[in-house]
Amino acid sequence: MIDYSVIFISNILINNFILVQFLGICPFIGASKRIESAIGISLATTFVITISVIISWLVNYYILVPCNMVYLRIIMYMLIISVSVQVIEIIIKKLSFYFYRLLGIFLPLITTNCVVLAIPLLNLKLNYGFIPAVMYGLSSSIGFSLVMILFSSMRERIFLADVPLPFKGSPIALVTAGLMSMSFMGFNGLIKF
């Protein structure tokens, strides 16, 4: 029996996709300059990952495997992800045009975010059932959101701090990301599989 709390905690802290597996670095560095954009991209990515995991699992086990078309998995997953991103883009544009402008180019780039494709593929590799697959996707996206929001709040504070000239901008952001990564890797070994 799968312990859902182990999946949930391990994906948020221990196997975090950004800081431990180094996937999703583009939005991590690019959309984390302001807390508002980090929250927006985190919520949008969480929605897209959760919806794409659900639909990908259903398509895989009810269409591709029975019809012996497993070679179409990546194409189908990319199609599902693209449609999910377009839906969230339309929703955000209708609900809050400010948020839509704030997210800018990062919203359509969720389609090419490697985390969004990696999670359904890892679900397939781990051979999870429906509920564990959804838990895996949701917890992975919550871990992504947690790191994005923490990093953006640190970047806002660092922007106001007196940083030496050679470290201003991207260098201090990368140093901060490295320190965050080391701290999250400290959680490794807390849960044994």
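Which helix gives the most residues to the lining of the largest cavity?

**Before you start.** This is a predicted model, where local features need pLDDT of at least 70, side-chain atom pairs count only at pLDDT 80 or more, and totals for chains, interfaces and linings use all residues. Residues are numbered from 1 along each chain as its sequence is written, and side-chain values use heavy atoms, with hydrogens and water left out.

**Stop one: the cavity.** Select Val53, Ser56, Trp57, Asn60, Tyr61, Tyr77, Pro120, Asn123 and Leu124, which line the largest cavity. Helix H3 (35–64) and helix H6 (114–126) are the elements that each give two or more residues to this lining; helices here are DSSP runs (H or I, at least four residues), numbered from the N terminus. H3 answers the opening question: with five residues, H3 gives the most. A cavity is a set of points on a 1 Å grid over the protein atoms alone where a 1.4 Å probe fits but cannot get out, and lining residues have an atom within 4 Å of a point. The space inside is about 70 Å³, a volume being the space filled by probe spheres set on the points.

**Stop two: the core.** Now select Phe28, Ile110 and Met148. Of the 36 residues in the largest nonpolar core, these touch the most other members. Such a core is a set of buried Ala, Val, Leu, Ile, Met, Phe, Trp, Tyr and Cys residues joined through side-chain atoms within 4.5 Å. H3 gives the most here too, with seven residues. Stay on isoleucine 110: leaving aside residues up to four places away in sequence, isoleucine 110 touches Ile41, Ala44, Thr45, Val48, Val85 and Val116 (contact means heavy atoms within 4.5 Å).

**Stop three: serine 42.** Next, pick serine 42, in helix H3. Is serine 42 buried or exposed? Serine 42 counts as buried, at 1% relative accessibility; buried means under 20% relative accessible area, exposed over 50%, and partly exposed in between (1.4 Å probe, protein chains only). Show Ser145, Met148 and Ile149 as well: serine 42 touches these, not counting residues up to four places away in sequence.

**Last stop: a salt bridge.** Finish with arginine 34 and glutamate 36, whose side chains meet in a salt bridge (3.4 Å, N to O). The rule asks for a side-chain nitrogen of Lys or Arg within 4 Å of a carboxyl oxygen of Asp or Glu, and the count comes to one. Arginine 34 is partly exposed at 39% relative accessible area, and glutamate 36 is partly exposed at 31%.

How values were computed:
1 Å grid on protein atoms, 1.4 Å probe; cavity = no way out; pocket = protein on both sides within 12 Å on 5 of 7 lines; lining within 4 Å.
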